[in-house]
Each structure stands twice: as structure tokens, then as C-alpha cells.
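Let's take a quick tour of this one. Have a look at it, then we'll go through some questions together.

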Amino acid sequence: MASEQQTVADDESRFLISDLCTMLESYLEQEQIQEVYRAYLFGAEAHEGQHRLSGEPYIYHPIEAARILGELGMDHKSIIAAILHDVIEDTGIAKDQIEAEFGNEVAELVDGVSKLTQIEFASQAEAQAENFRKMILAMVRDIRVILVKLADRLHNMRTLDVIRPDKRRRIARETLEIYAPIANRLGINSLRVELEDLGFSALYPLRYKVLEKAVREARGHRKEVLKKIETSIKRRMRQEKLAGRILSREKHLYSLYRKIRDKTLSFDDIYDVYAFRIVVDRVDTCYRALGVMHNLYKPVPGKFKDYIAIPKANGYQSLHTILFGPYGVPIEVQIRTEEMDKVAESGVAAHWLYKSGDASMDQMHAGAREWLRELLEMQKHAGNPVEFLENVKIDLFPDAVYVFTPAGEIMKLPHGATLVDFAYAVHTDVGNTCIAAKVDRQLVPLRTRLLNGQTVEIVTAEGAHPSPAWLSFVVSAKARSNIRHYQKNLKQEDAVGLGRRMLDRALGAFDADADSISRKQLSALLKEYSLRSFDDLLVEVGMGRRPAVLVARYLVPADQTGIEAGQGEAVMRPLVIKGTEGLVTHFAKCCRPIPGDPVIGIITKGRGMVIHTETCRNLSEHKHPPENCLDVQWEPGVDEEFPVEISAVVADRRGMLATVAATIGDCDANIENVGIEERDGLTNTLMFTITVHNRKHLAEVMRRVRSIPSVIRIMRLRN
Ligand code: MN
């Protein structure tokens, strides 16, 4: 045993206290470093005889945590606290002993990251919540508490392999849900990125491996183009006598994964972007470099952002622009100074690095303080620590959406929030009586999901009521609980009234009303639904158990709906989409949905139902009342063929069209149409309309085509 530990300790890659001191020499005073060394002696003695699960002496862990803070350029008290961070929790040493040795600040920092060990908790969740609450309170007093905690967590994540699998997953999940978002909130990008990737790989090892492999392969394809762009940029910078570092950037795996998971973009859409960072000496050079870039490649209109003049809330500064690169590839460019780059990586930690009274630094720190104040408020209002932790998690959710009220007030909503969520966020009464909404002055369905920066206006009507159907799309707890509350308290007669109004509106879409319903049609429907009376049917509609629009469709004679089976180009596909029985279903030509795409059905007068993908740009232009938008789903196991358009940018070589077409054919996809567009003499764009069974099939086709050498990029076309 002893000899084994010896080998671990002798490992050349081991980071020792002497290495730490050498590293600190670059920015700390000699006395401060001596203080750090004294803390090491104190800690090593306290942890004497303790080992980590890996078998190595315990003290290596706090030294590694201190190293992480040293890399961020943190002050010596934070470094000392990192070295002593487990002393209170894991050894017999009390807080006042640390205070006597290293002063009050260090003692408070160490106490802040120490778990409560005296109290017995009923559950793991409760213990986690209470400890978290304690840490947040300590962090409000001194923000360095969270930096020490993040350093501790990062080293634990780096050494997670030796931990039992169930515990490993719990720690990984906690890292992704709490610590990485906190690092993000404080702008400490370097810690966030590593925490996220380590958490992702521990929680979803298989997905991590698949994505890592995909990135490795895509990287191979990109190499040539990347090199070419980089060389052009460097050459032009030299010609203009601008000095600076040019770095090509890649999205880290977890951010790729999150984008794919949330279905905002496909792997290729994300990975097809070429991203560069140019780091220069001064602000003035940033703007000159921007001019040079816009001269080298044409900028994409409307994409330039000046975060130097107007820094982000967390203090981030940079110029952002997007350019049309060679082969039609988009190039994202960030331009900033060395100092801005440091701030972008270190966030609030940069505060200790640059003690200058720099305005952006102060703003960043003020932003962090503001957030801590909000947390304190939240904790005062929370009923218990578990609720507090839940609220913090929601608050930290990195993909929040920020929208504006017509008065220009900013509202923050959870990712995926709809107009109904917005209405409830404004006020419960607004939510309860909303009937329509405008986004950027366009009338859109209430189920529309909000995007950053939109201006939202809610139209309310006196006497209007929440629709139970909203439950199928709202995401916020407030909207959900209010709609449920209304539904629970809905009396029979109210449900009849509500159902009647909803049905009337739906019938109106077919130019019909309750009086024009034929008795025969009604009794057939009641029989099919096993209901006794018309009132029972209205209750069903009012309670949201039957979509009003489908009921209306059954009740209106076919010749009046303007929908005829087999009319014109219409194709009957009753079995493809769930819940559309009896409706003629079309697939929108603009977005060409295929099985696997999230879809929405729009009931149109005269054309039955048109299926669009949820992300279709044309959806917002449909000025249909929200009750005409139906949540629809694909029938499982649909085996028909669906047309879809793809485009491939290929090198201008003889026989490329034939090669690509043959590959598509090999994948059992039919080609319905082909188009060629010459680009710049070097490349051509091939456009195909092909038929596939579903998304998986399409992905396979695209994967095979992409693997042909000389195919530079391939993508699915949507409008
Ligand atoms: Mn620790």
C-alpha cells in the first residue's frame, strides 16, 4: 500500500505546493506566498493520514483547487481558503482555530464552503438544499466563497472516475444544474466550459462519445477550409500592419449537445459555422480590425454587434460580426483586446486580477452583486430550502428568454415560454383573461413560443377565461397552476358556457354556428363519444378534453367545410398524423415536415389541415385564431415517403452530380428534382428534392453524402 502511494506521489505530473508557489510568484507578494505556504503546512498536518478514493494523500486535492484559483489570478486569501477548504468539514479543526491562524476573512470563506455536519437531514435532497442555502448566504457576504467552491467542484469533477457510479451521476447532475450555471452567471467562462463538459461526459457517457466522434469527423472535413480562412485573415492583418492573435474557436461539446437536444438546430447547422477570435492590443485596433474583416469578406447584414460600446450585463466586451466566407460558409468573428479576453474567460474573478477602476469591471461586479441581492430576496420568500434551491435552479437556467412589454419593460421567462406564460408573468388577471397576442405587432397564436428581444402585447377581454387546452403548451409553473386552479373550480354550468363559446368560435371558422348543426350529425357524434347530451359535449370541450376545432369539424356537413376528400392536389393521409381523423391533411411546402419533426396543424378554411414544422417561419404569418392551431403528433411507424429539400456545396469537379446522386440512391431515397447553381468557379451548389421516410433516414442520407470527399457542406433547406 505504502509503496503504491509513493508512486502516485512521485508522479511527475503531480502539482506540488512548490509548483503552486512558483505560479503565484507571477502576481503575488513574497509575504503573501509565505502565508500560502504556511496554510499548506497547516492543511497537510490537519489532513495527515487521510487519503482520497484514488489512494493519494488528501492534501493534493486542496492544492489542485488552489491551483485553479491561481490560474484565475485570485488573491492570496482565496488561495489560502482553497487550501484549507475541507479542514473544518473533514478534520477536527474548528472555525475559530482558522480565524486565529489566518484571520477572519479566510475563516469565513472556509466556513462558507463547509457542509453542515451537525444536523441530521431526513433526505439527501433536503441536506443538499440546506447546504446550498448556507453557501449562498455566505456568498452574499463574500463572493469569493463561490469561487473556492467552484474550484473544489472542478477538481472533484476532474477526478470523478474513482467515484461509485450512482454517486458520480448525482454529482454530475448537480454540477450541470447548479455549479456550471453559477459559473456562467458570474461570467467565469473557463470554469463553466470545463464543468459542463465533465458533467456531460459523466452523466451521459454514451452521448458524449457519439458527439465527440461526430465532432472529430467533422473537424477532419473542416480542416482545409479553416486553414484557408485563417491564412487569409492573417495575411490581410499583416498587410494592414495590425498585430494580434487569431484563434479558431469550436463550440464545446455540452453546448452542442444542448442545442441539438432542444432541437433549435441540427448538428450540421451548428457545426457548419466557422468561428474565429481576433485578440488585439487596444480598443482602437478592434475597430480597425473589424473594418479589415468587413473588407476581406462581405458581412451578413444586421449581425454586427458592438459589445465594446455597450457591454453585456456580466461585463463581457467584444465586437461580433458574421461574414460570408468562401464556399458560402458563414464565419463568426469576435474581436477584442487582451484584457477583454481575460474578462470574457474569468468573469468576476478578473476583478482581483485588475484592480484598476475600470468601468466595465465595476459594472460586472455590480451585476454580480445585484444577482446576489436577488438570491437573498428569493431565499426570504421561499418556504423552505428545497423550494429555494428549485427557484435558484430555474433562475440559473441559462436559456431564459428576455422579451419586452409594449412599455419597453424587460420580462424574463423560462426557455420555451409561450404568450400565455408571458400573460401570467405580467399578472394573474392578464393570464386569466387573455384572448390574443401580438408579437412585434403581428397577431400570433397564443401557443407561440417567445424568442429573445421580441416585443409582446397581450389582448385581454372582460369575462374571458383560461382555456384548459393551454395546459398542453405552457411551461411556467405560474401559468400551469393558475389554469389548473381555474379548471378545478370550473362549475358544470360554467363549463357548458365556456364550451359553447369555444365551439362557436371554432364553428365560425367554417362559416357555421350552433343553429346550423344538423341533428343527425350531432347524434352520430354523441354516440361516437359515448355522451348523452349536447351539454355533455360542451362540458367536454370546456374542460379541454376534446379540441373544439375537431368537434366543429364533425358537426359541420362536409359540403359546408369546403373540404372535399381528394380535391385538387389534396391527398388523404388520415393515418399519418394522430388526432386528424376525418380531416384532409396537407403538408406545407414551405417547411416540408417529415416524421420526427415537431409539427403543428393549422386548420384553414377550405384546405383542411396544413401541417407545418414547429420552427417554420411561415407560422407566424398565419393569422389564424389560436384555437385553429392544433397540437399534432406523427403516428408511430408511419412508413410513407415524404419530400424534403437538401443542398450540397461541392468542389467543381467532373462527375460530382453523378456521385452525389448515386450515394443518395444507395440510401434508398428517391430523387424527385435536381438543380445546380454555380457559385464562384470553384464550387457548385447542388439542390435535390428527395423523398425519405423520416428524420433518421434523412440524417443517414446526409451523413453518407457528407462523407464523399469534395462535398464541402450539406444542409436541409427550409423555405
Ligand atoms: Mn474538496
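Q: Is Asp-152 buried or exposed?
A: This is a predicted model, where local features need pLDDT of at least 70, side-chain atom pairs count only at pLDDT 80 or more, and totals for chains, interfaces and linings use all residues. Residues are numbered from 1 along each chain as its sequence is written, and side-chain values use heavy atoms, with hydrogens and water left out. Buried means under 20% relative accessible area, exposed over 50%, and partly exposed in between (1.4 Å probe, protein chains only). Asp-152 comes in at 7% relative accessibility, so the word for this residue is buried.

Q: Which residues coordinate the manganese ion?
A: Donors are N, O and S atoms within 2.8 Å of the metal (3.2 Å for Na, K and Ca); water is not among the atoms, so sites may look incomplete. Here the distances run from 2.2 to 2.4 Å, and the residues are His-61 (NE2), His-85 (NE2), Asp-86 (OD) and Asp-152 (OD).

Q: Which residue in S10 is the bridge partner of Ala-437?
A: Two strands pair if DSSP finds at least two bridges between them. Strand S9 (residues 434-439) and S10 pair in the antiparallel sense over three bridges. In S10, Ala-437 is partnered by Val-444.

Notes. Helices (H or I, at least four residues) and strands (E, at least two) are DSSP runs, numbered from the N terminus.
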